[in-house]
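Hello,

Here is the structure I promised to pass on to you.

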Amino acid sequence: MEKIVFVVDDDDKVRDSLVRLLSSAGYAATGFASAGLFFGTPLPASPCCLILDMKMPGSSGFDVVKKLEEKGDAIPVIFISGYGTIPDTVQAMKAGAREFFTKPVHSDQLLNAVEEALSAAEKNIASRTEHAASTMRLEKLTPREREVLELAIGGLLNKQIATELGISEITAKVHKRRVMDKMEAKTLADLVRAAERLHISRARSR
């Protein structure tokens, strides 16, 4: 899968230099002279990260991060600045930046930070994909199967589930099997992990 790095910096020389460095390291790098131009480009489905100048005319790096959050675009950000201070670094980290570098940026340090950011992006994509799949599986459950799910992840046995719901043990067993099948869970542990990803609470623990 192609790994993409966006560079947003109003300094043409710095931006072009970073794009060349990233391209030589095997990344698909694209530079933008302003935040507006960057936001005019849809983010790809593949892993990507953003190298962002902290202070640009008309839009600060923090403004860009805030807008990304408002759009729901989870993309790792690496801040760069011509004159970094400790307060700037602290503010950048509070804003969710993975790294903060002062120009000129050391090539090896930047490339290491980019690789770490892209690895995080890959994990985020995998997590979102799995969450979406789990949500679709959950939607296949009937209301009764949802009740069984919540009781099963609480550790209740089929007999206890049956008592809780006022049904026969055989019926409870059938419902539980259907829950396991629809949620694509081979074991109870798999079912518990899927429920945790979906923030489903246990109905009752034994």
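**Around the cis proline**

Pro104 sits in the loop between E7 and H5. The peptide bond leading from Lys103 into Pro104 is cis, and its omega is near -5°.

Before going further, a word on the source: this is a predicted model, in which local features need pLDDT of at least 70 and side-chain atom pairs count only at pLDDT 80 or more, while totals for chains, interfaces and linings use all residues. Residues are numbered from 1 along each chain as its sequence is written, and side-chain values use heavy atoms, with hydrogens and water left out. Helices (H or I, at least four residues) and strands (E, at least two) are DSSP runs, numbered from the N terminus.

A salt bridge here is a side-chain nitrogen of Lys or Arg within 4 Å of a carboxyl oxygen of Asp or Glu. Lys103 is in the loop between strand E7 (99-102) and H5, and Asp9 is in the loop between strand E1 (4-8) and H1, so the pair ties together parts that are 94 residues apart in sequence. Asp9 counts as buried, at 0% relative accessibility. The cut-offs for relative accessible area are under 20% for buried, over 50% for exposed and in between for partly exposed (1.4 Å probe, protein chains only).

**Other salt bridges**

The whole structure holds 12 salt bridges. One of them joins the side chains of Arg197 and Glu130, at 3.3 Å from N to O. This pair links distant parts of the chain, with Arg197 in helix H9 (residues 188-197) and Glu130 in helix H5, 67 residues apart. Arg197 is partly exposed at 33% relative accessibility, and Glu130 is partly exposed too, with a relative accessible area of 28%.

Another salt bridge is formed by the side chains of Arg144 and Glu147, at 2.9 Å from N to O. These residues are three apart in helix H6 (residues 143-152), so about one helical turn separates Arg144 from Glu147. Arg144 is partly exposed at 29% relative accessibility, as is Glu147 with a relative accessible area of 36%. Elsewhere, salt bridges that share partners join Glu130, Arg137, Glu184 and Arg197 into one network.

**Two positive phi values**

Glu184, a member of that network, is not a glycine, yet has a positive phi of about 55°. Glu184 is in the loop between helix H8 (169-182) and H9, and counts as exposed at 57% relative accessibility. His199, also not a glycine, has a positive phi of about 60°. His199 lies in the segment after H9 and is exposed, at 70% relative accessibility.

**How H1 meets H5**

The axes of helix H1 (residues 12-24) and helix H5 (residues 107-139) come within 11 Å and cross at roughly 65°. That makes H1 roughly perpendicular to H5, a label given to angles of 65 to 115 degrees. Axes are lines fitted to C-alpha atoms, for helices over the stretch in contact, and angles run from 0 to 180 degrees between N-to-C directions. The contact (heavy atoms within 4.5 Å) is made by Leu18, Leu21 and Leu22 of H1 with Ser107, Leu110, Leu111 and Val114 of H5.

Key:
Angles under 35 degrees count as roughly parallel, over 145 as roughly antiparallel, 65 to 115 as roughly perpendicular and the rest as oblique.
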